[in-house]
Amino acid sequence: MLNNAGVDRVFHALAEPMRRALVERLSAGPMSVSDLAQPFDVTLAAIVQHLQVLEESGVVQSEKVGRVRTCRLDPDGLRLAERWIAERRSLWERRLDRLGDLLAEAEQPKPSSSGKNKNKKRKKP
């Protein structure tokens with residue numbers, strides 16, 4: 001069973017479009033905060049706040065060398081979400097397979113018990 005609090009933090013972090021865009025940019029490789037913020041029309045402080053949420057969720061790691069803070073994706077944070085999704089997918093695939101088996105059984109003709117009663121008419125009471 002997965003750590004639900006960790007999964008909640010990852011999905012909370014990824015629920016915001018700006019944070020998803022930051023993750024998308026970081027998928028190209030590590031970047032400084034200022035380089036990461038460049039294409040967005042928001043303040044550097046806003047970018048830092050979004051990065052803080054991503055770091056707290058475990059999706060992003062950062063390191064400060066001198067005056068430059070460099071961010072990179074942390075694959076373990078994303079794997080947590082991936083595992084959660086995979087577990088749901090596996091459960092639903094098994095359920096759909098069982099449903100398919102039941103429907104296939106229902107489509108097959110049932111053998112008659114003996115051919116004797118086919119032509120007999122029932123008497124009305």
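1. At 41% relative accessibility, Arg 79 counts as partly exposed. Its partner is Asp 76: the two side chains meet in a salt bridge, 2.6 Å from N to O. Asp 76 counts as exposed, at 51% relative accessibility. The cut-off for exposed is over 50%. Keep in mind that this is a predicted model.

2. Where do Arg 79 and Asp 76 sit relative to each other in H5? They are 3 residues apart, about one turn of the helix. Here is the general rule. An α-helix has 3.6 residues a turn, so residues three or four places apart point the same way. Side chains of opposite charge can pair when their charged atoms come close.

3. How many salt bridges are in the whole structure? A search finds 3. One is the Arg 79 and Asp 76 pair. Another joins Arg 88 to Glu 87, at 3.8 Å from N to O. Arg 88 is partly exposed, at 29% relative accessibility. Glu 87 is also partly exposed, at 32%.

4. Arg 72 forms a salt bridge with Glu 63. The closest N and O atoms of this pair are 3.9 Å apart. The cut-off is within 4 Å, so the pair counts as a salt bridge. Arg 72 is partly exposed, at 30% relative accessibility. Glu 63 is partly exposed too, with a relative accessible area of 42%.

5. Now step back to the whole chain. It has 5 helices and 3 strands. From the N terminus on, the order is α-α-β-α-α-β-β-α. The chain has 125 residues, and 24% of them count as buried. Its accessible surface comes to about 9900 Å². Carbon and sulfur atoms account for 52% of that surface.

6. Helix H1 covers residues 4–14. Which of its residues are buried? They are Gly 6, Val 7, Val 10, Ala 13 and Leu 14. Seen down the axis of H1, these buried residues fall within an arc of 130 degrees, so they line one face of the helix. On the other side of H1, Asp 8 and His 12 are exposed.

7. What covers the buried residues of H1? The cover includes three helices: H2 (17–26), H4 (44–57) and H5 (75–107).

8. Ser 57 gives a detailed view of helix H4, where it is found. Is Ser 57 buried or exposed? Ser 57 is buried, with a relative accessible area of 8%. Leave aside residues up to four places away in sequence, and Ser 57 touches Arg 9, Val 10 and Ala 13. Val 10 and Ala 13 are among the buried residues of H1. The side chain of Ser 57 also reaches the backbone oxygen of Leu 54, at 2.8 Å.

9. Finish at the surface. Which residues form a nonpolar patch there? Phe 11, Trp 84 and Ile 85 do. Together they have about 240 Å² of accessible area. Trp 84 lies in helix H5. Trp 84 is partly exposed, with a relative accessible area of 30%.

Methods. Residues are numbered from 1 along each chain as its sequence is written. This is a predicted model: local features need pLDDT of at least 70, side-chain atom pairs count only at pLDDT 80 or more; totals for chains, interfaces and linings use all residues. Side-chain values use heavy atoms; hydrogens and water are left out. Buried means under 20% relative accessible area, exposed over 50%, partly exposed in between (1.4 Å probe, protein chains only). Helices (H or I, at least four residues) and strands (E, at least two) are DSSP runs, numbered from the N terminus. The arc is that of the directions from the helix axis to the C-beta atoms. Contact means heavy atoms within 4.5 Å. Patches are made of residues with over 30% relative accessible area and no salt bridge: like charges are joined within 9 Å, nonpolar side chains (Val, Leu, Ile, Met, Phe, Trp, Tyr) within 5 Å. Accessible areas come from the Shrake-Rupley method with a 1.4 Å probe; for residues, only the protein chains shown count as cover. A polar contact is a pair of N or O atoms within 3.5 Å; within protein, one must be able to donate a hydrogen and the other to accept it, and residues adjacent in sequence count only if both atoms are side-chain atoms.
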